[in-house]
Amino acid sequence: MNKTAQPTHTPLLILGAGPAGLAAALYAARADLEPIVLTGPALGGQVSITYTVENYPGFPEGVEGPDLVGRFQEQAEKFGARLVLDTATAADFRRRPFRVETTKTAYTADAVIIATGATAKQLGVPGEDDLIGMGVSYCATCDGHFFKGMDIMVVGGGDSALEEALFLTRYASSVTIVHRRDQLRAGALLQKRARSHPKIHFLMETVVTEILGDDMVEGVRLRHVVSGAEQERPTAGVFIFIGHHPNTDLFEGQIALDDQGYILTDKYTRTNIPGVFAAGEVADHRYRQVITSAGMGAAAAMEATHFLEDNERLS
């Protein structure tokens, strides 16, 4: 970055270009704020790697994730949003205007919407990246429908893993939960429901070491953590629920976070710093859906607009 260059100023800077960031960009652009959107490393966020989105209203036949992102982008830019392929590297919310440095330059802004999302934790095994959207999934609500009548696996042992496994029994013939420890971490009630469900089976003290398949998931290679014994098992899908990491490292020490690292907001998407708002999965560890993130983004843009109007009247 050229630190001597004069930073670019904008009334509203949006960090992130997933559903929350792009919806915020659309609403802010329609309010004539001409927002600048820093896309980060992945335009569209997690939805951009989702093969088909079937639960977004208006698309009864479903829509491919990248296509949905493209429509979001086109609509936001139509009204004057400016998308910049750059990533924030530092943020200073202690002074006004706020200042955000990137890999290429710097920006100042009167208001900021943080929509940097959350990243699903991966297993980091061979085959995982290659088969995302082709049987590897991190969202049961998004992809469960594609596995009607099939045998699938869920990796994880916490509340999310068991909740998603129970949800997946609506579609799958069988759901095998693979957990690396000898005991589950989920709550007692969830464990009772999962263990009593006829479609759910368990492989304890077991880890996935490789996901197998060429164009689609065909199976997994497993290893027992105590005995070291390995085996291959066929499966049509691998749903991974070992946690999410909110992309908030950049804001630690300035923005109030909960004990999991998610941004704390009030019901109006406002953070503890006036003029800084948060929307989408960076502040939502419960729903994590395209539609809820987009709704939060729209709300954040409206609140940012009110904030800027109020401050203009006071100045």
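**The second largest pocket**

Begin at the second largest pocket, which holds about 220 Å³ of space. On a 1 Å grid over the protein atoms alone, a pocket is an open set of points with protein on both sides within 12 Å along at least five of seven lines; a 1.4 Å probe fits at points of this kind, and lining residues have an atom within 4 Å of a point. Grid points are joined across faces, edges and corners, and the volume is the space filled by probe spheres set on the points. The model is a predicted one, in which local features need pLDDT of at least 70 and side-chain atom pairs count only at pLDDT 80 or more, while totals for chains, interfaces and linings use all residues. Residues are numbered from 1 along each chain as its sequence is written, and side-chain values use heavy atoms, with hydrogens and water left out.

Select Leu 123, Val 155, Arg 180, Val 207 and Ile 242: of the 14 lining residues, these lie nearest the centre of the pocket. The lining consists of seven nonpolar, four polar and three charged residues. Here Ala, Val, Leu, Ile, Met, Phe, Trp, Tyr, Cys and Pro count as nonpolar, Asp, Glu, Lys and Arg as charged, and the others, Gly among them, as polar. Strand S12 (residues 206-212) gives the largest share of the lining, three residues.

**From Val 155 into a sheet**

Strand S9 (residues 151-155) and strand S10 (residues 174-178) run parallel and are joined by five bridges. Strands (E, at least two residues) and helices (H or I, at least four) are DSSP runs, numbered from the N terminus; two strands pair if DSSP finds at least two bridges between them. Now show the open sheet of five strands, in the order S8-S15-S9-S10-S11, with parallel pairing. Its edge strands, S8 (136-137) and S11 (200-203), each pair on one side only.

**The largest nonpolar core**

Which residues touch the most other members of the largest nonpolar core? Select Leu 12, Ile 14, Tyr 56, Leu 68 and Ile 113, out of 36 residues in this core. A nonpolar core is a set of buried Ala, Val, Leu, Ile, Met, Phe, Trp, Tyr and Cys residues joined through side-chain atoms within 4.5 Å. Buried means under 20% relative accessible area, exposed over 50%, and partly exposed in between (1.4 Å probe, protein chains only). Colour H1 next: the largest share of this core, eight residues, comes from that helix.

**Strand S6 and its partners**

Select S6, where eight of nine residues are buried. S6 pairs with S1 in the parallel sense over seven bridges, and Leu 12 has Ala 111 as its bridge partner in S6. Strand S5 (residues 98-102) pairs with S6 in the antiparallel sense over four bridges; the two form a hairpin with three residues between them. Strand S17 (residues 276-278) pairs with S6 in the parallel sense over three bridges.

Most residues other than glycine have a negative phi, and most peptide bonds are trans. Select Arg 96 and Pro 97, which are joined by a cis peptide bond with omega about -5°; Pro 97 lies in the loop between strand S4 (88-92) and S5. Finish at Thr 269, whose phi is near 70°, a positive value in a residue other than glycine. Is Thr 269 buried or exposed? Thr 269 is buried, with a relative accessible area of 5%.
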